[in-house]
Amino acid sequence: MFPLFTVGGDGTEGSGLNFAFTNSALFMVATVAIIALYLILSTGSKSVVPNRAQLLSELVYGFVANMVRSAAGTAGMTFFPLVFSLFTFIFVANMLGMVPYFFTVTSHIIVTFALSMLVFLTVVIYGFAKNGPKFLKLFVPSGVPGYILPIVAPIEFISFMSRPISLSVRLFGNILAGHITLKVFTGFIVTMSSLGFLGILGSALPLIMAVALTGLEFLVGAVQAYVFAVLTCMYLNDAIHPSH
């Protein structure tokens, strides 16, 4: 952590509120910089016959666009920049976290919660702006008999309000758990290797597990970025079509 400055309660420099450029901030900046630089360089030429870099950018664009259309309809393309940004940010951040001695920003609950709150507030603000009071139909599922609405509506409301928690914990938990497990097995390798010849032979099993878990972690990082983006599209669909 690189401290920038601290501010005391009276507004003067000193002890109190600490503003610092942390590892998390550093790698979030690095993630955004990598994405922006790649997209600028790969799409700058706009070749009719794309090279590999441009083709990859176009494939990611098409992948996210199809995801948005299938989950939220054509009207959901209004939010394509948001979904595309979230997907690429989480994906690249997860991949950077797999590099030794690098930092995984999505293993911090405050980061994933901030992303989730961005989605949640977008849904609420746009839902009321577009639909007005009709947005509250989201808590009254169609076809539900009136006599059980007093039970169903509170359940729907609690489910809706818990979305930021579930969305953030899902991403945070999967990434953190995978990294902890990988660290445990790699720790076994070092510990057993220090026990002599038999320990070195025995360390082959945790080494194999560590290699397998590394591959699995790459897959989990990609899947979690996809899941976060898909759920974002589904939540945005509720803001666009609250009565469905």
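1. Helices here are DSSP runs of H or I with at least four residues, numbered from the N terminus. Asn237 lies in one of them, helix 8. The model is a predicted one, in which local features need pLDDT of at least 70 and side-chain atom pairs count only at pLDDT 80 or more, while totals for chains, interfaces and linings use all residues. Residues are numbered from 1 along each chain as its sequence is written, and side-chain values use heavy atoms, with hydrogens and water left out.

2. Asn237 has a relative accessibility of 19% and therefore counts as buried (buried is under 20% relative accessible area, exposed is over 50%, and partly exposed is in between, with a 1.4 Å probe and protein chains only). Not counting residues up to four places away in sequence, Asn237 touches Ala71 and Ala72, where contact means heavy atoms within 4.5 Å.

3. Two packed helices are described by the angle between their axes and the distance between the axes. For helix 4 (residues 109–131) and helix 8 (residues 204–240), the angle is about 20 degrees and the axes are 8 Å apart. The axes are lines fitted to C-alpha atoms over the stretch in contact, and angles run from 0 to 180 degrees between N-to-C directions. The two helices are therefore roughly parallel to each other (under 35 degrees; over 145 is roughly antiparallel, 65 to 115 roughly perpendicular and the rest oblique).

4. On the helix 4 side, the residues that meet helix 8 include Leu115, Val119, Val123 and Tyr126. Their partners in helix 8 include Phe228, Tyr235 and Leu236. By class, the residues of this contact are 9 nonpolar, 5 polar and 1 charged (Ala, Val, Leu, Ile, Met, Phe, Trp, Tyr, Cys and Pro count as nonpolar, Asp, Glu, Lys and Arg as charged, and the others, Gly among them, as polar).

5. Ser42 sits in helix 1 (residues 23–43) and, at 2% relative accessibility, counts as buried. A polar atom of the Ser42 side chain is 2.7 Å from the backbone oxygen of Tyr38. Beyond its neighbours within four places in sequence, Ser42 is in contact with Ala53, Gln54 and Ser57.

6. Most residues other than glycine have a negative phi. Tyr101, in the loop between helix 3 (80–96) and helix 4, has a positive phi, near 70 degrees. Tyr101 counts as exposed, at 85% relative accessibility.

Conventions: A polar contact is a pair of N or O atoms within 3.5 Å; within protein, one must be able to donate a hydrogen and the other to accept it, and residues adjacent in sequence count only if both atoms are side-chain atoms.
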